[in-house]
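Keep the structure in view as you read.

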Amino acid sequence: MLKKFLSEMVSGLTPSTWWPHEEFGSNKQASIELKNIFSGDAVFDTPKPVSLIEKILHIASDKNSIILDSFAGSGTTAHAVLNLNKKDGGNRKFILIEMMDYAETITAERVRRVIDGYGEDTKAVPGTGGDFSYYTLGERIFDAEDNLNEAIGVAKVRDYVARTEKLPGAEQGEHPAWLGEKDRTGYYFHYQPDQATFLNLDFLATLTRKNEAYLIYADVCLLDSDFMHRHRIRFKKIPRDISRF
């Protein structure tokens with residue numbers, strides 16, 4: 001519970017804890033509004049009132065907030081954000097997540113229609129303006145055993161590893177294992193999809209780029225700790241099941 005005294009308020013009173021449906025909407029009104037957006041079709045059973053979410057966002061966010069809704073449903077949160085931005089010139093952004101199969105046909109489609117405008121000629125609701133991007137999940141990076149899901153392909157595996165090391169992405173270089181450089185450290189991902197890889201003297205002999213330090217991913221390290229310390233080499237084991245090799 002957040003307690004604020006009147007003397008702490010810039011203007012007005014603290015929000016009331018009783019929100020009547022006449023002011024903040026009801027599920028029935030939300031269903032009617034959603035039908036209007038979708039040309040009379042009842043596409044969702046339990047939509048929330050846009051006015052209710054607008055009030056919550058008005059209290060709990062500012063004009064530059066990022067609003068996350070992990071269970072987006074019919075997309076009411078995005079609708080409310082777009083409405084508020086239109087009303088007060090805000091720059092709020094929203095992130096919606098929806099795992100059900102209606103994510104594109106209902107959730108994302110509602111956002112498109114709210115942005116562009118909807119309704120019949122005499123009852124048309126002008127669009128709010130704005131924009132958004134729609135993405136779907138690809139293959140999982142890790143499998144159930146927390147090993148790399150090698151089905152996603154070498155390029156995506158390399159890019160994932162690079163980004164976990166806070167590199168902008170996997171670079172292409174003269175060496176196939178090269179990922180990039182950061183803080184004068186060279187990053188290498190010594191990886192073969194169909195065989196185990198080794199950090200050993202033979203691999204080091206293939207490195208032509210000179211760095212002050214090295215961070216090298218491989219399946220197995222065959223170098224002793226003193227040698228690695230002298231040459232400023234760090235080893236990271238690739239998370240995958242190598243028993244099949």
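Angles under 35 degrees count as roughly parallel. The model is predicted.

**Helices α4 and α5**
- Helix α4 covers residues 76-88, and helix α5 covers residues 103-116.
- The two pack at an angle of about 20°, with their axes 9 Å apart.
- α4 and α5 are therefore roughly parallel to each other.
- The crossing of α4 past α5 is right-handed.
- On the α4 side, the contact is made by Thr-76, Ala-78, His-79 and Leu-82.
- On the α5 side, Arg-110, Val-111, Val-114 and Ile-115 meet them.
- By class, this contact of α4 with α5 has 5 nonpolar, 2 polar and 1 charged residues.

**Helices α3 and α4**
- α3 packs on α4 at an angle of about 65°, and their axes are 9 Å apart.
- α3 passes α4 in a right-handed crossing.
- From α3 come Val-50, Ile-53, Glu-54, Leu-57 and His-58.
- Their partners in α4 include Thr-76, Thr-77, His-79 and Ala-80.
- Sorted by class, the contact of α3 with α4 holds 6 nonpolar, 5 polar and 2 charged residues.

**Nonpolar cores**
- In soluble globular proteins, nonpolar side chains tend to be buried together.
- Which residues touch the most other members of the largest nonpolar core? They are Ile-37, Leu-57, Leu-82, Phe-94 and Val-111, out of 20 residues in this core.
- Two or more residues each come from α2 (27-37), α3 (50-60), α4 and α5.
- α4 gives the largest share of this core, 5 residues.
- Leaving aside neighbours within four places in sequence, Leu-57 is in contact with Ile-67, Thr-77, Ala-80, Val-81 and Leu-84.
- Another core, of 14 residues, lies apart from the largest one. Among its residues are Leu-199, Leu-204, Leu-207 and Leu-223.

**Two positive phi angles**
- Asp-146 has a phi near 65°, a positive value in a residue other than glycine.
- Where is Asp-146 found? Its place is the loop between β4 (125-126) and α6 (154-164).
- Is Asp-146 buried or exposed? Asp-146 counts as exposed, at 58% relative accessibility.
- Asp-183 is not a glycine either, yet its phi is positive, at about 55°.
- Asp-183 sits in the loop between β5 (178-182) and β6 (185-189).
- Asp-183 has 65% relative accessibility, so this residue counts as exposed.

Notes:
Residues numbered from 1 in each chain as written. Predicted model: local features only at pLDDT ≥ 70, side-chain atom pairs only at ≥ 80, totals over all residues. Heavy atoms only, no water. Axes fitted to C-alpha atoms, helices over the stretch in contact; angles between N-to-C directions. Helix = DSSP H or I, 4+ residues; strand = E, 2+ residues; numbered from the N terminus. Parallel < 35°, antiparallel > 145°, perpendicular 65-115°, else oblique. Left-handed = near helix turned anticlockwise from the far one by under 90°. Contact = heavy atoms within 4.5 Å. Nonpolar A, V, L, I, M, F, W, Y, C, P; charged D, E, K, R; others polar. Core = buried A, V, L, I, M, F, W, Y, C linked by side-chain atoms within 4.5 Å. Buried < 20%, exposed > 50% of the residue type's maximum accessible area, 1.4 Å probe, protein only.
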